[in-house]
Every structure is written in C-alpha cells, then in structure tokens.
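Please look over the sequence and the model shown here before reading on. The report that comes after is meant to be read beside them.

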Amino acid sequence: MTWTMTPEHVDSPDAALLRRDYYDEVASRYWGRPATTAEIDEGLTDDGAERLVPPTGEFVVGRFGGGAAACAGLILTDAETAELTRVYVRPQVRGTGGGGLLLAAVESLARDFGVRQIRLDTRNDLVEARGLYAKHGYREVPAFHHRNQYAEHWFAKEL
C-alpha cells in the first residue's frame, strides 16, 4: 500500500473525522483515560480550525491505501513563519512512513506560501511526535509563545 497526501478543506468528512480522532488521542493521553464525546466536542469548539484554509493556512489529509489515515495543519503567523499543528497518524498505520511524507507535504505548501520557518509546540507525553519532528530536521528551541497552556516543547525548522 502507498501513501498520498493532498490539501483538503478542514471541514470535509475525512478531515473532520481525522481532527476528531487527533483530539481524542491527545486529550485521552493528557487525562490518562478515554476522552468522552462531550469533551472531544468541547475541545473542537472554537479551536481555530477556520485558519487552516487559504489564505491563512492549509490542511493536508494523508491516505494510506486510499483510506484517510493522517492529517496536519499549517497556520501562517506572519509573512515568513507558519505553525505546524494537528499532526496525526492513525495508530494502525504508524511506522509506514506516513508521518515523514505528511511533514514533507506541509513543508511544500509552506514554501508555496513563502514561509521560511515552521514552528510547533508539543507536550512531554507525545513522545512519538517529538521523535518524528527531530528525525525530520526540526530542532528544539526556546519557547516562542505562551498561547498554548499545554505546550512543554517548542520546535522550529528553517525551509
């Protein structure tokens, strides 16, 4: 099976389900228990997803063997900087190369926007994500903002 990565509207059925699965996983890990439907709904309410569309950003859906299996968002923060967000690969397809292909697709879109640096923040418990970023050239940097109360690690990559 092969991966394909394509920009897709953040509210398409596949994109919306992937965003929901992403939030379910990160919330469940944070709380150490399965997140409830109400908690997931609350987390997705006013989460800024409207910025994941041109001209303020983009959303990429990765498909493995034709099925939606991964996603990532890009939000422009200024003329040369963007934030990587909502990076998610379904657990059953992790280790198949999708994470790296997803990052490459988002980076390509960022270059098309004129972005020269991508930043992101993440948490201690998202070990796989931190490993993925480091493997693909993102370096840990000092905190660049405090907007995200859950952020514990900050990364950046020059394009």
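## The model and its confidence

This is a predicted model, in which local features need pLDDT of at least 70 and side-chain atom pairs count only at pLDDT 80 or more, while totals for chains, interfaces and linings use all residues. Residues are numbered from 1 along each chain as its sequence is written, and side-chain values use heavy atoms, with hydrogens and water left out.

The chain averages a pLDDT of 94, and 98% of the residues score at least 70; pLDDT is the predictor's confidence in each residue, from 0 to 100. Confidence is lowest in helix H4 (residues 127-135), with a mean of 92, and highest in E2, at 98. Helices (H or I, at least four residues) and strands (E, at least two) are DSSP runs, numbered from the N terminus.

## The sheet

Seven strands, that is 7, form an open sheet with mixed pairing, in the order E1-E2-E3-E4-E5-E7-E6; two strands pair if DSSP finds at least two bridges between them. The edge strands, each pairing on one side only, are E1 (3-7) and E6 (139-141). From one strand to the next, the twist averages 30 degrees.

Within this sheet, strand E3 (residues 67-78) and strand E4 (residues 81-89) pair in the antiparallel sense over 7 bridges, and Asp 78 has Thr 81 in E4 as its bridge partner. Helix H1 packs on the sheet, where H1 touches E2 (57-64), E3 and E4, and the direction of H1 makes about 85 degrees with that of E4. Contact here means heavy atoms within 4.5 Å, and angles run from 0 to 180 degrees between N-to-C directions, with axes being lines fitted to C-alpha atoms, for helices over the stretch in contact.

## Two packed helices

Helix H1 (residues 13-31) also packs with helix H2 (residues 37-44), at an angle of about 115 degrees and with their axes 10 Å apart. H1 and H2 are therefore roughly perpendicular to each other, a term that covers angles of 65 to 115 degrees.

The residues in this contact include Arg 19, Tyr 23 and Trp 31 of H1, together with Ile 40 and Leu 44 of H2.

## Two places in a loop

The loop between H2 and E2 holds Pro 55, which is joined to Pro 54 by a cis peptide bond with an omega of about 10 degrees. Asp 46 lies in the loop between H2 and E2, and its phi is near 55 degrees, a positive value in a residue other than glycine.

Definitions and conventions
Parallel < 35°, antiparallel > 145°, perpendicular 65-115°, else oblique.
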